[in-house]
Amino acid sequence: MKKLIFCALLFMACVVYSQESYWTSYQFIVEPDQVGTVYKLTNDYYSANQPAGVTVSLWENHFNDNANNFTHAIVFSGSLDDLGNMYGQDGGTAWQLFLVQLNQHIKDGHSSRMGTLLGHQGDMDQDFPFQRYYIVHAEDGGKWNAAYKKVLAANTPAGMLGLMGNFTSGVSPEGENRWVIQGYKDFKGAIGGAGAMRTEAENAAADKVWETFLATNGESHLVRSGLRIRMGQWK
């Protein structure tokens with residue numbers, strides 16, 4: 001696969017704030033000795049050229065299966081108007097220079113996607129840079145959305161962020177169409193997961209909520225999962 005050229009491509013989901021409901025992402029592969037340079041180039045560019053109303057995030061794909069083996073992703077999130085405005089501008093000489101420099105340090109492109117945020121639970125003003133992600137195929141999107149929103153509301157403990165959404169482009173042959181993110185403040189939280197943050201009684205109640213979800217979501221299955229860590233964010 002050819003190296004990723006951002007301007008020629010319009011990820012997996014993302015930190016999205018309450019006023020933002022759309023995202024695009026680009027996954028790519030970076031050799032270990034080039035990671036620091038990729039971060040510096042991204043930080044230098046977006047510190048000086050922040051797209052109005054758009055949050056830019058750089059992620060490391062830390063735990064993943066061998067079919068999901070990109071190393072990093074850049075995610076853009078914002079309102080429809082703000083993302084549209086960002087893509088409607090050519091960026092000028094500074095953007096072209098950034099692309100040329102960045103592509104010199106990217107080994108290969110992997111994939112690109114876009115989608116929307118459909119629901120969330122937790123304090124959006126807090127920082128959750130360690131995120132478990134789950135990519136799902138739902139047979140009936142409407143039933144799945146309604147059922148999982150109940151899971152978010154009932155099973156997201158304090159100190160954790162829950163997000164859910166869909167993919168609108170960039171879907172693989174496996175047919176994934178929904179995503180879930182569980183955000184944590186540190187690696188300990190991400191390792192332990194929601195269950196380690198709840199009491200025994202709360203986990204028993206959560207199990208019942210999950211049983212109801214399984215019975216009412218219209219059938220779904222997990223396509224893949226992983227853990228990503230945010231390296232930087234510009235907003």
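## Two helices side by side

Let's start where V38, L41, T42, Y45 and Y46 of α1 meet A94, W95, F98, Q101 and L102 of α3, a contact being heavy atoms within 4.5 Å. By class, eight of the residues here are nonpolar, two are polar and none is charged. (Ala, Val, Leu, Ile, Met, Phe, Trp, Tyr, Cys and Pro count as nonpolar, Asp, Glu, Lys and Arg as charged, and the others, Gly among them, as polar.)

This is a predicted model, in which local features need pLDDT of at least 70, side-chain atom pairs count only at pLDDT 80 or more, and totals for chains, interfaces and linings use all residues. Residues are numbered from 1 along each chain as its sequence is written, and side-chain values use heavy atoms, leaving out hydrogens and water.

## Strand β3 and its partners

β3 pairs with β1 (residues 22-29) in the antiparallel sense over seven bridges, and with β2, also antiparallel, over six bridges; strands pair if DSSP finds at least two bridges between them. Y22 has G78 of β3 as its bridge partner, while W59 stands opposite A73.

From β3, H72, I74, F76 and G78 point one way and A73, V75 and S77 the other, and all are buried (under 20% relative accessible area, with a 1.4 Å probe and protein chains only).

## A buried asparagine in a loop

N68 sits in the loop between β2 (55-63) and β3 (72-78), and is buried, at a relative accessible area of 6%. Leaving aside neighbours within four places in sequence, N68 is in contact with N61, Y133, R224 and S225.

Notes: Helix = DSSP H or I, 4+ residues; strand = E, 2+ residues; numbered from the N terminus. Buried < 20%, exposed > 50% of the residue type's maximum accessible area, 1.4 Å probe, protein only.
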